[in-house]
Amino acid sequence: MSADKSQLHTSHATEPLGLSNTIPMPSLDPQTPITDSKRPPGPWQILWKKFSHNPYAMIGLVVLLFFVVVGLLAPFITKYDPAAIDLMFANLQPGAGGHLLGTDELGRDILSRLLFSTRISLLIGFSVALSSVAIGTVIGAVSGYFGGWADTISMRIVDVMNSVPTLFLNILVLAIFGSQIKYMILILALTSWMSIARLVRGTFLQLREMQYVEAARAIGVSSWGIIFRHLLRNASFPIIVNATLMVGGAILSESALSYLGLGIQAPATSWGLMLSNAQEFMLVDPKQALYPGLCILLVVLAVNFIGDGIRDALDPRQQATKSRRRLDQWRKNYSKSEN
Amino acid sequence: MTEYLIRRVLQSVLVIFLITVLTFLLIHAAPGGPTQVMLSPGLSPEIFKQQAKNLGLDQPIPVQYVRWIGDMVQGDLGYTFKNHLAVSGLLWPRIGNTFILMGAAWLVSLLIAIPWGIYNSTKVYGLSDQTASFISYLGFALPTFWFGILLQQWFSLKLNWFPLSDMYSRGHEGDIGDLFMHLVLPVTVLSLGFLASYMKYARASMLEVLDQDYIRTARAKGVKERKVVFHHALRNALIPIITILGLDLPILVAGAALTENVFNWPGMGRWFVEMASAREYSVLMAVTIVTAVMVVIGNLLADILYAVVDPRVKLGKQGGGTA
């Protein structure tokens, strides 16, 4: 009994400790043992507490998790190959012949196409967000920390990338190098890192003259050590918010490029590709256009809700919003009674 | 002011130069180069070489770049591989068509978004404000082309109210009424996206100004709320909005590729996609650069406009921050 309990305790205690390695917690010394009942909540716990009280954010999280699970388990959910063409069973109505959502004009099972498209969309969404965070962080850090020429050059690159029409550049690159997923991820990342670079640069400009940075420099920490260990952590939360919103943008871009015929190519499947098919056969089967679009909308909404949820949870003023509203109310009533 | 102007203009020229280099290098990084696309693969290598020589592709890359940029500056945007047509002749009418579509959408969304955003800023968290924020969420998450397809299904195939696609019905070219009917659906699609962001900007910008001390002073001395909002607050709130509009000007040319494809609108975006599939490199280069130049000029105009409208902008300093 007591052994069970202690095990429970240790397993519980290790998790926050493991997390605390990744974020600065000045009030906590990782060496001292922590009794978890008296332990002050860390920033991640505060974040989660606020986040979990936001209904929109939680709905977004549930929807996103649903799509992730469905995408991962796609081969186990459906017995149909999304690319299998069977003209004998083309244009089946929903439910007919064991096809839950029916089949398209080539007899491909619509449900399994939707399921396998989930994989592509999420893969592209998350890889693009991660790669642009990597690119944007490095460029923003270099330009914000070192300043001078590095800054001028980086900011000109940002100007150039912001001035090139993104969709055109995406199309251009895919037309030149061919429509492969790796090129798509690459070009989407290369056209969306600028906001993160600006954000990181701004944080660094603000913080690089702080005394703790000076102290770190004085004891001989290298520039990169200061950048990654001391400065970047201060930008980590806004980066997370930005990256989350980027996932939605990347999913939209992927579906748009696939719709235009420059993204995912047939035997593979994607929501955008399905929509471009559906538009062609709009007169035969109008329902086909409904499902893939709905999937895109749901996933992007979910991701955006999560991003907004994190941003609101990080905003220290957010707690004050309610009371401020109440204050306004009170002020209004007060001024009325005065009149 | 002049010093600031000169520096901004020089900066813009530099950015444009870098964009041309980027585009040029991209095209020349194409596997096999432009000749690979023009000629059928079965021909002998000599013919490829001859063709490359005719096009000046045997010259070193910097020489080719200088020659190409020289033509560009003189308004010669190159020729299509197929049929050998001048790109500039094909480009401008399409820009015009896109401009009609985007201009209409822009106007519609501005006329709705700015007043609505201002109204919402005076009644934060009210029903109208909640509706607006719902629309904003939708506008940011809805795939425009899907929205377009749904509108087509409902309003042209089912209800038959508006034409399915194209700019004019056959035999009605140049007919304004016909054009209007064709505009309704694509403009609806495009406006939703614009509406989402402009409403947000207008509201946020108004809220920021309404929070300032001079507004409180105005209220304290008994100025009527209507006058506070429209006279005192609106003037300052409009400044950032004007900047955003300036930054968005180039979207008028570049931003409609998807909608144009859905509605088969003969504009620049649809043309670009078509030409990308056909690998008409000179067209792709020309369109990319023309749009990029417009973006840069739009940004420049926005900056200048901002400085002109807001006397608090300190010129000459980095970027010019507000006091």
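1. Domains of chain B. In this predicted model, chain B is assigned two domains. Domain 1 of chain B runs over residues 1-74, and domain 2 of chain B over residues 87-314. The contact between them draws 18 residues from domain 1 of chain B and 16 residues from domain 2 of chain B. Their C-alpha centres are 33 Å apart.

2. Area between the two domains. Domain 1 of chain B and domain 2 of chain B bury about 1500 Å² between them. Of that area, 85% lies on carbon and sulfur atoms.

3. How many salt bridges are counted between domain 1 of chain B and domain 2 of chain B? The count is one. A salt bridge joins the side chains of B:Arg8 and B:Asp303, with 2.7 Å from N to O.

4. Which elements build the domain 1 side. On the side of domain 1 of chain B that touches domain 2 of chain B, two or more residues come from each of helix H1 (2-28), helix H2 (33-38) and helix H4 (61-73) of chain B. H1(B) has the largest share of that side, with twelve residues. By class, the side holds 14 nonpolar, three polar and one charged residues.

5. An unreviewed UniProt entry carries the annotation "transmembrane region" for several stretches of chain B. Residues 99-119 of chain B are 100% helix and 0% strand, and the end C-alpha atoms are 29 Å apart. Residues 283-309 of chain B are also 100% helix and 0% strand, with the end C-alpha atoms 38 Å apart.

6. Chain A against chain B. The contact between the chains takes 41 residues from chain A and 47 residues from chain B. The two chains bury about 3900 Å² between them, 78% of it on carbon and sulfur atoms.

7. Pairs across the chains. What is the count of salt bridges between chain A and chain B? It is zero. Polar contacts do occur: four residue pairs across the interface of chain A and chain B, with both residues of each at pLDDT 80 or more.

8. The chain A side. Six named helices of chain A each supply at least two residues to the side that touches chain B: helix H6 (148-163), helix H7 (166-177), helix H11 (223-259), helix H12 (271-280), helix H13 (290-314) and helix H14 (318-338). Which helix gives the most to this side? H13(A) does, with ten residues. The residues of the chain A side divide into 29 nonpolar, seven polar and five charged.

9. Salt bridges in the whole structure. A search over all chains finds ten salt bridges. In chain A, the side chains of A:Arg311 and A:Asp308 meet in a salt bridge, at 3.1 Å from N to O. Both residues lie in helix H13 of chain A. A:Arg311 and A:Asp308 are three residues apart there, about one turn of the helix. H13(A) is also the helix that gives the most to the side of chain A that touches chain B.

Conventions: Residues numbered from 1 in each chain as written. Chains lettered and ligands numbered in written order. Predicted model: local features only at pLDDT ≥ 70, side-chain atom pairs only at ≥ 80, totals over all residues. Heavy atoms only, no water. Domains from an automatic or database assignment. Contact = heavy atoms within 4.5 Å. Buried area = accessible area lost by both parts, 1.4 Å probe. Salt bridge = Lys/Arg side-chain N within 4 Å of Asp/Glu carboxyl O. Helix = DSSP H or I, 4+ residues; strand = E, 2+ residues; numbered from the N terminus. Nonpolar A, V, L, I, M, F, W, Y, C, P; charged D, E, K, R; others polar. UniProt positions renumbered as here; feature names shortened; annotations may be inferred. Polar contact = N/O pair within 3.5 Å; in protein donor to acceptor, adjacent residues only side chain to side chain.
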